[in-house]
Amino acid sequence: MTEYKKIELLVKIARLYYENDFSQEMIAKKLGLSRPYISKLLNEAKEQGIVRFQVIDPLSTETPLEQKLRERFRLEKVRIVPMSEGPASLSRLGLEAARFLDTILQDGDVIGLSWGATIHACSQALLQRNDLKDIISVQLCGGLSTVNKNIYATEILNNFSVSLGGMSYSLPLPAVMDSKRMKDVVQKDHNISKIMRYGCDSDIALITTGAFGQKSALVQAGYISHEEMKVLSDRGAVGDICSHLIDIHGNICDPDLDERTIAVPLEEIKKKKYRVCVAQGLSKVDSMLGALNGGIANVLITSEETADLILRQDDYLNP
């Protein structure tokens, strides 16, 4: 085999293994070579400098896109995961959120949690921490009992409790009550008021944003009728955070609806040291902008595509 052909083979094998995620067995079968020989060639590729490894510490580096978002919205931290599709994208987002939490958690922290698939992905990716003491995980908002999808409220709390230890507290109430009077009565219950205090006193809020429209969880659960949805849309509703319906500036869109909402108030969430918003997707861009414009979030974890869309939408709205 000539030197040129050898290098060509080394590059081909390296690309299959490191870029296309082929196993050594798959490469051997594809090229008609033995697996031990493939292993030998991969080592040779490293020795010749064809393959080089670089360890990137996400805690000390920042991409230009992350910096742009951080500076524009005056955030404490931005973490962007590379583009990917399907369930893998949600898993990577959850893993990035879990990694960030791992860097800030301290003994005695109270972690306030919203619900949904995104927060659930984070809870599944949490690192086991046996060194932490007195961690409390608490639900920040009521749940949805009639929506045709799993919001994972119970699973999220359980995963946090198992991974981080400590106690967890669920908020066993609907997201929206029929009246403010009923909400006031319910929140006077000793156990409910205790959970709400934990939520208000939490050090970290891990939240996501919900889109507004036909697919909104609040609409699907029947808390907002289709007629009300039209009115709220005219008032500028773009989505919700912990069941609080907001506009593009992060303001409460309907004070009357909000007075019936079972959740830690947005003004209390804004007081947290860390307000970590984890979200992605075209349908959530406006609600994420609301969270950023309103100072509801000071840490953003999202996908590369969504980050670009947020900046483009903000440029469009603020030329």
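The model I am reading is a predicted one.

Entry on backbone angles. Most residues other than glycine have a negative phi, so I looked up two exceptions. R74 has a phi near 55°, a positive value in a residue other than glycine, and I find R74 in the loop between α4 (64-73) and β1 (77-81). With a relative accessibility of 73%, R74 counts as exposed, because the cut-off for that class is over 50%. S243, which is not a glycine either, has a positive phi of about 70°, and its place is the loop between β7 (239-241) and β8 (244-246). S243 counts as buried, at 3% relative accessibility.

Entry on α2 and α3. Helix α2 (residues 24-31) packs with helix α3 (residues 35-47) at an angle of about 110°, the axes being 8 Å apart, which makes α2 roughly perpendicular to α3. On the α2 side I list Q24, E25, I27 and A28, and on the α3 side R35, I38, S39 and L42, as the residues that make the contact; they divide into four nonpolar, two polar and two charged.

Entry on α14 and α15. The axes of helix α14 (residues 285-293) and helix α15 (residues 304-317) come within 10 Å and cross at roughly 70°, so α14 is roughly perpendicular to α15. Among the residues in contact are M288 and L292 of α14 and L309 and I310 of α15, and the contact comprises seven nonpolar, three polar and two charged residues.

Terms used:
Residues are numbered from 1 along each chain as its sequence is written. This is a predicted model: local features need pLDDT of at least 70, side-chain atom pairs count only at pLDDT 80 or more; totals for chains, interfaces and linings use all residues. Side-chain values use heavy atoms; hydrogens and water are left out. Axes are lines fitted to C-alpha atoms, for helices over the stretch in contact, and angles run from 0 to 180 degrees between N-to-C directions. Helices (H or I, at least four residues) and strands (E, at least two) are DSSP runs, numbered from the N terminus. Angles under 35 degrees count as roughly parallel, over 145 as roughly antiparallel, 65 to 115 as roughly perpendicular and the rest as oblique. Contact means heavy atoms within 4.5 Å. Ala, Val, Leu, Ile, Met, Phe, Trp, Tyr, Cys and Pro count as nonpolar, Asp, Glu, Lys and Arg as charged, and the others, Gly among them, as polar. Buried means under 20% relative accessible area, exposed over 50%, partly exposed in between (1.4 Å probe, protein chains only).
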